[in-house]
Amino acid sequence: MTIARLFHQFGSPPHFYRLAGRMLPWFATACVACLAAGLYGGLVLAPPDYQQGESYRIIFIHVPSAWMSLFVYMVMAACGAIVLIWRMKLAEVVAQASAPIGASFTFMALVTGSLWGKPMWGTYWVWDARLTSELILLFLYLGVIGLQSAYEDRRTGARAAAVLALVGVVNIPIIHYSVEWWNTLHQGPTVTKLDKPSIHLSMLVPLLLMAVAFKLYYATLLLMRARSDLLERERNAAWVRDEVAAR
Amino acid sequence: MSALAEFLHMGGYAAFVWGSYGICAAVLIANLLAVRARGRRVRAMLARRARFEAAGYAVGDEPAAGGGVDAVNHPGTGAVSEVGRR
């Protein structure tokens, strides 16, 4: 099977609908398993931090949320490019499903960061480069969500939102490198460094488990939402009638 | 202090740690419920359309689930509305 054929088949709504339906239970189960293991490892097994005591345990949701806020944005922007270039319906659906989830992760990263900042820095918020650029990311997500539903014709809305999503990509490296480019209150990278991560294995393992759990959560919700959106958009297609009749 | 109380106390940072975890749990669950509700709404709309069609009525291309899932054409007229076609 050629790559082009594979791409075409994956992009075909009925094929994607059935494939997603088969994958869903696996993603959901793996997500719950990783979440349980990560929470147990992070909240119970990992020792307290020598500087921050127990408060550092916020890291197990803060860092995965922040990673996801960037990851989901990149997925959404990549779909935006596909929407603008190939007008692919599935990419519109994925971009539309991703935006609220990405906004949620961004919100979680900001709120948990704020609740971590208060006991450690003495303040809930500072206009620091990392914090400000992450806040701009939240506004970008909200702008994309707004544009997606701003037009009577949702395909026009999808294209408008795609343009904003692509322009906003410039913010992603700014967020990532903000702690290196500017002298920020936010601490530098702990895990994503080229040399050895400066975090003990007993903390790194639950952190990575939580990151995987959040990725699987995103995948699960994405598939659920994409499936129902495809049914709705294609409601007059023969395959949807077959799906409805088969139930 | 018992082990559980000590665990819940979080070395004095209970409000910050459990507050963070609580807000995240609420956001994640709310997203899941919203996506599930959306799926149910779409499936109910499709089932309704199928029932109408089986009864011999013309089913129009009504607006999407968010707006008017119930907007099925008036039975008997056979008119298929072009309004809201996507």
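Predicted model: local features only at pLDDT ≥ 70, side-chain atom pairs only at ≥ 80, totals over all residues.

Colleague: How many salt bridges does the structure hold over all chains, and how many are counted between chain A and chain B?

Modeller: Over all chains there are nine; the count between chain A and chain B is two. In one such bridge, Glu53(B) pairs with Arg241(A), and the closest N and O atoms are 2.6 Å apart. Across the interface of chain A and chain B, seven residue pairs are also found in polar contact, both residues being at pLDDT 80 or more.

Colleague: Which helices of chain A supply the side that touches chain B?

Modeller: At least two residues each come from α2 (13–45), α3 (59–86), α4, α8 (201–233) and α9 (238–246) of chain A. The most come from α4(A), with eleven residues. By class, this side of chain A has 23 nonpolar, six polar and twelve charged residues.

Colleague: How is the extent of the interface of chain A and chain B to be read?

Modeller: One may read both residues and area. In contact are 41 residues of chain A and 36 residues of chain B. The area buried between the two chains is about 3400 Å², with carbon and sulfur atoms giving 68% of this. In chain A, Leu43(A), Glu232(A) and Arg235(A) lose the most area to chain B, together 18% of what that side buries.

Colleague: How do the axes of α4(A) and α2(B) cross?

Modeller: Helix α4 (residues 89–121) of chain A and helix α2 (residues 14–54) of chain B have axes that come within 9 Å and cross at roughly 170°. Angles over 145 degrees count as roughly antiparallel, and therefore α4(A) is roughly antiparallel to α2(B). Among the residues making the contact are Phe105(A), Met108(A) and Leu115(A) of α4(A), and Phe16(B), Ile23(B) and Val27(B) of α2(B). By class, this contact has twelve nonpolar, five polar and one charged residues.

Key:
Residues numbered from 1 in each chain as written. Chains lettered and ligands numbered in written order. Heavy atoms only, no water. Axes fitted to C-alpha atoms, helices over the stretch in contact; angles between N-to-C directions. Helix = DSSP H or I, 4+ residues; strand = E, 2+ residues; numbered from the N terminus. Parallel < 35°, antiparallel > 145°, perpendicular 65-115°, else oblique. Contact = heavy atoms within 4.5 Å. Nonpolar A, V, L, I, M, F, W, Y, C, P; charged D, E, K, R; others polar. Buried area = accessible area lost by both parts, 1.4 Å probe. Salt bridge = Lys/Arg side-chain N within 4 Å of Asp/Glu carboxyl O. Polar contact = N/O pair within 3.5 Å; in protein donor to acceptor, adjacent residues only side chain to side chain.
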